[in-house]
Amino acid sequence: MTYEQLLEMLRDMHPDIDFDTAEGLIDRKVLTSFDVVSIAAELSETYGVELGAVDIVPENFNSARALFALIERIENE
Amino acid sequence: MKSFLSYLNHTADRLPDKLAFSDGETGLTFSELRRAAANVGACLMNSGAKAEPVGVLMERSAYEIAAFLGVLEAGCFYVPLDEQMPRERLDRIVRALNPRFILTDQKNLTAAEGLCPAAEHLIYSRAAAFPGPDRLREESAEDALSYVVFTSGSTGEPKGVSIRESALLDYAATLPDAVGFDESLIFGIQSPLYFDAWLKELLGVMVKGGTAYLLPRELFVNPVSLIEYINERKINALCWVASAFSLVSRLRTFYAVVPEHLKLMCFGSEVFPVKQLTAWQKACPDARIFQLYGATECTGMSFYHPVVGPQAPDRPVPVGKPFPGTKLYLLNDEGRLADEGEIVIGGPSVMAGYYKDPVRTAAALIPDPADPESGQLCYRTGDIGRLDEHGDLIFIGRRDQQIKHMGHRVELGEIEAAALSLKGVHEAVCMYVADRQRIDLFYTGPAQPWDLVVGLKVKLPGYMTPNRTEQRAELPHLPNGKIDRRAIEQKEYGK
């Protein structure tokens, strides 16, 4: 999965947010718990990226870059 | 009539120093809760409040619960307002109520004053320090209202469901025994306090002497921490919407941590996918599990069904049998009693009506189908159901465009009405994609999708904003001019 694909997926969910620059997505409550579930489901169904329970922490979802770093980590495992 | 608060008198006499509610930071014991409610009630009465709506705009906290009970002590009815509600919705609610009194806290005072400048604003901390009586009142007026909560309305105007205190008393007499609440239970409250869903935990605490923690919202984006929080506090009873349970199991939380103390799980308001239900059953083999079903218009839940053993994936979990005193009718399209049809609920739990809205009240409440002369009114849920071979009610679907999304009741029409009120939107239609739990909005007009996303955020609660917004050159129509939803379904989803 590429960073651009991730951005596109996130934009589909929230077209009003510039995910390339936005920070604190969880801390500022831009993304809800249900968004996190949707993201995890979409990553798994469309890209075969399986997030583990311990990966679901705010730090990994606060920005698109943090999330992409997590995805790269999982893909390289 | 005995008062709802008499339960708290009784429990506070019995367990004065036991923790009743905690929000993690502040906890109130039963005697402290009674003291706070008595003082808030006395303060309101001293200010001249009498059998009228009192808005409560406070942080979700143990104090907010004491404020609700204080409003009842004053013989008034509470109307929860919430900082998370969008401004336009709050304005509509305040317009419908025109309250003379608002209970608020320091954090929300400015917002409360802006929202309702004409009202008298009472700060909770001061009201709770007002010298009140030692005991709460034991008697209530027969027709007293206890609260008004607002739900989604298809025209865009939210409906104020008005619940009598007698209905709350009926709930207190039925639900706790039906699902086996007792003093040993420690609840974790998932729901916001501005709906009626948390009444289940309120009853577990007030009637049976249990304890309840308000779970911090942010834990739900961190399911491992959520379960750890639950374990640390020995929380053993969860009454959540099915989507909150599903959220935890779908993220494979149980590979890392499982709830260690769980004795009771109640879910309701929506279908619990069998795969996720099974995951919870495996993780918590000692928990008793209940499916509940009901309507805000009937004071929360009215039906219950124990879920025992493996569930067949192709068979819906029944919503079960009514609480004692609750009547169930199934009406066909001609309004006659049938084996399958619209679920109509009767009994003491039925609402007084929609607040100051006789037209929509008359559409929702009908004379008792089995005894039209009795003067008793029953509520048409708009849900379709049938009875199975065991006499258990099975939920089949809706007869209109109302959906359940993330545990919330949503009228797609309200979203459409909000979209149509935006500049540059000519036509709008909302579709619910059930298997992906997604709300899609299709529209015509020059407005850009971004304009709708931003515009709708101001008008609608977060759970009602569409997950996908798509512009179309045109939308298909039926011969009568209405938008053809079936054609959209076929075109957009290939169904």
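Biologist: What share of the 77 residues in chain A is buried, and what makes a residue count as buried?

Modeller: The share is 29% of the 77 residues. A residue is called buried because 20 or more other C-beta atoms lie within 10 Å of its own; with 12 or fewer it is exposed, in between it is partly exposed, and the C-beta atoms are placed from the backbone. Keep in mind that this is a predicted model, where local features need pLDDT of at least 70 and side-chain atom pairs count only at pLDDT 80 or more, while totals for chains, interfaces and linings use all residues. As for names, residues are numbered from 1 along each chain as its sequence is written, and chains are lettered from A and ligands numbered from 1 in the order in which they are written.

Biologist: How many helices and strands does chain A have, and what makes something a helix or a strand here?

Modeller: Chain A has four helices and zero strands, running α-α-α-α from the N terminus.

Biologist: What do you expect for the span of H2(A), and what do you get?

Modeller: The expected span is 1.5 Å times one less than the number of residues. For the 15 residues of H2(A) that comes to 21 Å, and the end C-alpha atoms are 21 Å apart, which agrees. Just after H2(A), A:Gly48 takes a positive phi of about 65°.

Biologist: Which residues of H2(A) are buried, and what do they pack against?

Modeller: They are A:Ser33, A:Phe34, A:Val36, A:Val37, A:Ala40 and A:Leu43. They pack against H3 and H4 (64-76) of chain A, together with H10 (242-250) of chain B.

Biologist: How many residues of chain A are in contact with chain B, and what makes a contact?

Modeller: Two residues are in contact if their C-beta atoms, placed from the backbone, lie within 7 Å. By that test, 19 residues of chain A are in contact with 21 residues of chain B. The largest share of chain A's side, six residues, comes from H2(A).

Biologist: Why is H7(B) called largely enclosed?

Modeller: 13 of its 15 residues are buried, so the rest of the structure largely encloses H7(B). Just after H7(B), B:Gly180 takes a positive phi of about 75°.

Biologist: What makes S4(B), residues 77-81, mostly covered?

Modeller: Five of its five residues are buried. B:Phe77, B:Val79 and B:Leu81 point one way, and B:Tyr78 and B:Pro80 the other way. In a regular strand the side chains alternate between the two faces of the sheet.

Biologist: Which strand runs parallel to S4(B), and what makes two strands a pair?

Modeller: Strands pair if DSSP finds at least two bridges between them. S3 (residues 53-57) of chain B is joined to S4(B) by five bridges, and the two run parallel. B:Leu57 has B:Leu81 as its bridge partner in S4(B).

Biologist: And in which sense do S22(B) and S23(B) pair?

Modeller: Antiparallel, over four bridges. B:Gln402 stands opposite B:Glu411. Two residues lie between the strands of this hairpin, where B:Met406 takes a positive phi near 50°.

Biologist: How many residues are in the largest nonpolar core, and what makes it a core?

Modeller: A nonpolar core is a set of buried Ala, Val, Leu, Ile, Met, Phe, Trp, Tyr and Cys residues joined through C-beta atoms within 7 Å. The largest has 163 residues, and B:Val54, B:Ala66 and B:Tyr379 are among those with the most contacts inside it. Its largest share, nine residues, comes from H3(B), residues 62-73. Another core, of 19 residues, lies apart from it and includes B:Ile415 and B:Met431.
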